[in-house]
Amino acid sequence: MSGTDIPKEQWAQVVEKTGGPVSYKQIPVPQPGPDEVLINVKYSGVCHTDLHAMKGDWPIPIKMPLVGGHEGAGIVVARGELVKDIELGEQVGIKWLHGSCMNCSFCRTADEPLCPEAQLSGYTVDGSFQQYAIGKAAHVARIPKECSLESIAPILCAGLTVYKGLKESGARAGQEVAIVGAGGGLGSMAIQYAKAMGFHTIAIDGGAEKEQMCKELGAAAYVDFKSSKNVVEDVKKASFDGLGPQAVLLLAVSEGPFQQASHYVRSRGTIVCVGLPANAFLKAPVFDTVTRMINIKGSYVGNRQDTAEAIDFFRRGLIKAPYKVIGLSKLQDVFHLMEEGKIAGRYVVDTSK
Ligand code: NAD
Ligand code: ZN
Ligand code: ZN
């Protein structure tokens with residue numbers, strides 16, 4: 001596409017004020033700065049983070065009005081004068097980390113999500129719920145040409161984040177990992193990455209639809225938090241020897257499971273916190289944490305190398321998490337379903353509808 005084919009106006013979903021809803025309207029197409037590319041976004045996954053952002057759930061400042069979205073897959077249609085290593089027509093992805101200073105000690109050691117100057121797609125800068133979005137050339141995900149933009153979109157946040165979380169858990173092939181919130185967007189990806197990495201998984205979520213999906217994706221066991229009389233006992237019972245899983249990946253959007261995990265994780269095991277419920281706190285008994293040598297840590301998206309690795313698992317055909325495609329104009333309906341915990345897997349919006 002040449003510069004003259006790029007329209008001046010485009011369709012977007014805009015959050016006008018904290019609390020929402022989103023409004024579907026036409027807005028100007030942005031212009032890339034010298035170190036940026038303009039991406040014609042074809043598909044964007046809808047992450048629970050987008051809902052947290054709209055609701056104002058988190059204690060960090062947000063841009064308003066805001067175009068959300070940070071699982072955007074598209075094609076580069078224009079580039080700034082400093083961009084030499086991305087060609088027009090190349091497939092790229094917009095992820096949560098939009099940009100970083102590249103010069104602080106975190107950036108210098110490839111921990112760029114921890115950069116104090118980090119810019120966040122669909123939070124501090126406009127994201128991928130629009131037909132044309134800006135990406136920083138240094139940070140956009142490189143999508144191999146053989147990959148479908150529709151199915152790779154959820155890898156750009158959900159896939160990357162759970163892949164990184166599983167690495168941070170320190171679990172080794174053959175060990176067991178409990179995935180809490182396994183039926184959601186991150187969870188369904190986590191079951192697939194865990195399987196590809198050689199872990200056994202105990203999936204925890206609510207309802208029969210999510211149970212069926214988790215088992216089809218490869219979970220060895222499913223604990224239903226809604227019907228179980230004792231989640232802690234049921235998770236332990238589901239583990240090989242009754243002593244609990246080696247690692248717990250906490251992806252849930254409520255505080256309860258964050259308090260429970262230390263009661264069923266295996267001694268010397270690791271609890272990795274990934275989900276970001278509003279106003280939530282972690283609580284674990286000091287006695288058990290000490291005498292059972294439990295590790296509790298956070299994991300936040302991933303760096304550029306983690307992104308490339310997560311995409312490569314997908315490229316090799318190892319990650320096939322379910323998703324449903326819906327028009328961008330229907331984004332508010334997706335948020336309603338998400339709020340009610342009714343989405344098994346991920347929704348991907350098609351920006352042309
Ligand atoms: P989602 O809504 O698709 O899935 C959440 C799942 O948690 C649902 O299936 C729900 O049924 C389940 N759940 C709720 N309460 C539960 C309980 N008590 N026990 C077990 N399961 C329970 O959300 P998502 O898009 O997968 O995102 C999950 C969370 O991860 C969000 O808070 C999001 O902001 C956060 N997130 C964090 C990072 C990071 O880098 N740390 C990156 C992306 C998303
Ligand atoms: Zn996300
Ligand atoms: Zn930095």
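Hi everyone, thanks for coming. Please keep in mind as we go that this is a predicted model.

How many residues surround ligand 1? There are 30 of them, and the closest are His48, Thr49, Asp205, Val301 and Arg346. If you want to look at individual polar contacts, start with His48, where a polar side-chain atom sits 2.7 Å from an oxygen atom of ligand 1. Next, find Leu186, which has a polar backbone atom 2.8 Å from an oxygen atom of the ligand. Then there is Lys210, with an N or O atom of its side chain 2.9 Å from an oxygen atom of ligand 1. As for how covered the ligand is, taken alone it exposes 870 Å², and the protein buries 93% of that.

Which elements give two or more residues to that shell? They are helix 1 (48–55), helix 5 (185–196) and strand 11 (200–205). Helix 1 gives the most, with three residues. Sorted by class, the shell has 16 nonpolar, eleven polar and three charged residues.

Now to the salt bridges. As a reminder, side chains of opposite charge can pair when their charged atoms come close. This structure holds 24 salt bridges, and I've picked a few to walk through.

The pair I'd show you to begin with is Glu36 and Lys136, whose side chains meet with 3.0 Å from N to O.

Next comes Arg142 with Glu90, where the closest N and O atoms are 3.7 Å apart. Arg142 is in strand 9 (residues 141–142), while Glu90 is in the loop between strand 4 and strand 5 (91–94), so here the parts tied together are 52 residues apart in sequence. Arg142 is partly exposed, at 37% relative accessible area, and Glu90 is partly exposed as well, at 25%.

Arg266 is partly exposed at 22%, and Asp241 is partly exposed at 39%.

There is also a network of salt bridges, and it links Lys164, Lys167, Glu168, Lys297, Asp306 and Glu309. Glu168 comes up again when we look at Ala247: their C-alpha atoms are 9.8 Å apart, although 79 residues separate them along the chain. Ala247 itself is in strand 13 (residues 247–250) and is buried, with a relative accessible area of 0%.

On to the backbone. Where are the cis peptide bonds I'd like you to see? One runs from Gly20 to Pro21, with omega near 0°, and Pro21 is in the loop between strand 1 (9–15) and strand 2 (22–28). Another joins Met64 and Pro65, with omega about -5°, and Pro65 is in the loop between helix 1 and strand 4 (72–79).

Met102 has a positive phi near 70° without being a glycine; you'll find Met102 in the loop between strand 6 (97–99) and helix 2, partly exposed at 33% relative accessibility. Met293 is not a glycine either, and its phi is positive at about 50°. Met293 is in the loop between helix 9 (286–291) and strand 15 (295–298), partly exposed at 44%.

Last stop, the surface. Phe106, Leu114 and Tyr300 make a nonpolar patch of about 250 Å². Leu114 comes from the loop between helix 2 (105–108) and strand 7 (119–120), and is partly exposed with a relative accessible area of 42%.

That's my tour, and I'm happy to take questions.

Conventions
Residues are numbered from 1 along each chain as its sequence is written. Chains are lettered from A and ligands numbered from 1 in the order in which they are written. This is a predicted model: local features need pLDDT of at least 70, side-chain atom pairs count only at pLDDT 80 or more; totals for chains, interfaces and linings use all residues. Side-chain values use heavy atoms; hydrogens and water are left out. Patches are made of residues with over 30% relative accessible area and no salt bridge: like charges are joined within 9 Å, nonpolar side chains (Val, Leu, Ile, Met, Phe, Trp, Tyr) within 5 Å. Accessible areas come from the Shrake-Rupley method with a 1.4 Å probe; for residues, only the protein chains shown count as cover. A salt bridge is a side-chain nitrogen of Lys or Arg within 4 Å of a carboxyl oxygen of Asp or Glu. Helices (H or I, at least four residues) and strands (E, at least two) are DSSP runs, numbered from the N terminus. Buried means under 20% relative accessible area, exposed over 50%, partly exposed in between (1.4 Å probe, protein chains only). A residue is near a molecule or strand if one of its heavy atoms lies within 4 Å of it. A polar contact is a pair of N or O atoms within 3.5 Å; within protein, one must be able to donate a hydrogen and the other to accept it, and residues adjacent in sequence count only if both atoms are side-chain atoms. Ala, Val, Leu, Ile, Met, Phe, Trp, Tyr, Cys and Pro count as nonpolar, Asp, Glu, Lys and Arg as charged, and the others, Gly among them, as polar.
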